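Look at the two chains shown here and at the surfaces that face each other.

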Amino acid sequence: MMKIVGITACPTGIAHTYITKQKILDAAKECGYPCRIETQGTIGVEDELTAEEIKNADVVLLAVDVKISGESRFTGKPIVRCRTEDVMRNTSAFLRKIEEKLLAHNK
Amino acid sequence: MIDNVNIESVLNENTICLHLKGKTKDEILKEMSTMLYEAGRISSVKDFLDDVYMREEEGITGIGNNVAIPHGKSDSVLQTSVAVGRSDEDIEWQSIDDNPVRLIIMLAIKSYDKTVHIRLLSKIATSLCGKEVIDELLSIEDKQEVIKLLSKEDQ
């Protein structure tokens, strides 16, 4: 079972950041992946990931269109980086593909 | 539910049009900006549209299921607001599922605004992830119902 932590951030920091977060959470639930997403929007950082959550995660998903803060927290973790619209498009398939790659990588 | 007093401060009947006249994306962006202008929410249609188009260039705003969320953070915005527009016909729009758009939720964001209004806009945007909400929004005729649906917190 793939444990996901991630960050969403978009240019305006109002809409795509939160829509993408919701889509990732919904898809992760559907696929049975535990998942925690931090948002970095206009109002600042919310649902900030803890060191423990990051440590326990199998993969870090950065769905970001802009520069984010605190990326050094993920040093040494497998990171998937994409634009918000990439993961919004077909979120469940996107997450399953990550799991496939992760499994292949860990073999 | 979000407090109705709050939601009314960003969205009221004056900025809802359930039968848009525009037949293209450009016409609709202008029509909805004009609606925001006439409601006293923005100070200039032209300046606001410039910022909306700038955001369009940064990525697609069609979020699937026939919904688009064009938005502009702009000095021309007097008060952070939402406009809701619906078209009786399919409108061509760059979208994540490559489908045309019928429902347009336009967000007008006041520069440097970090108040509760911003959170309301984010919640409204998030509510559009729910297919059931969208289906209702695509068919209802009562503007108060539109406001109520968009202020639902969890789908």
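The model is predicted, with local features needing pLDDT of at least 70 and side-chain atom pairs counting only at pLDDT 80 or more, while totals for chains, interfaces and linings use all residues. Residues are numbered from 1 along each chain as its sequence is written, chains are lettered from A and ligands numbered from 1 in the order in which they are written, and side-chain values use heavy atoms, with hydrogens and water left out.

**The interface**

Chain A brings 16 residues into contact with 23 residues of chain B, where contact means heavy atoms within 4.5 Å. Between them the chains bury about 1900 Å², 63% of it on carbon and sulfur atoms; buried area is the accessible area (1.4 Å probe) that two parts lose on being put together, summed over both. The rule finds 12 residue pairs in polar contact across this interface, both residues at pLDDT 80 or more. A polar contact is a pair of N or O atoms within 3.5 Å; within protein, one must be able to donate a hydrogen and the other to accept it, and residues adjacent in sequence count only if both atoms are side-chain atoms.

On the side of chain A that touches chain B, helix H1 (16-31) and helix H3 (84-89) of chain A each supply at least two residues. H1(A) gives the largest share, five residues. Helices (H or I, at least four residues) and strands (E, at least two) are DSSP runs, numbered from the N terminus.

**Salt bridges**

A salt bridge is a side-chain nitrogen of Lys or Arg within 4 Å of a carboxyl oxygen of Asp or Glu. Two of the salt bridges are listed here.

| Pair | Closest N to O distance |
|---|---|
| Arg119(B) and Glu46(A) | 2.6 Å |
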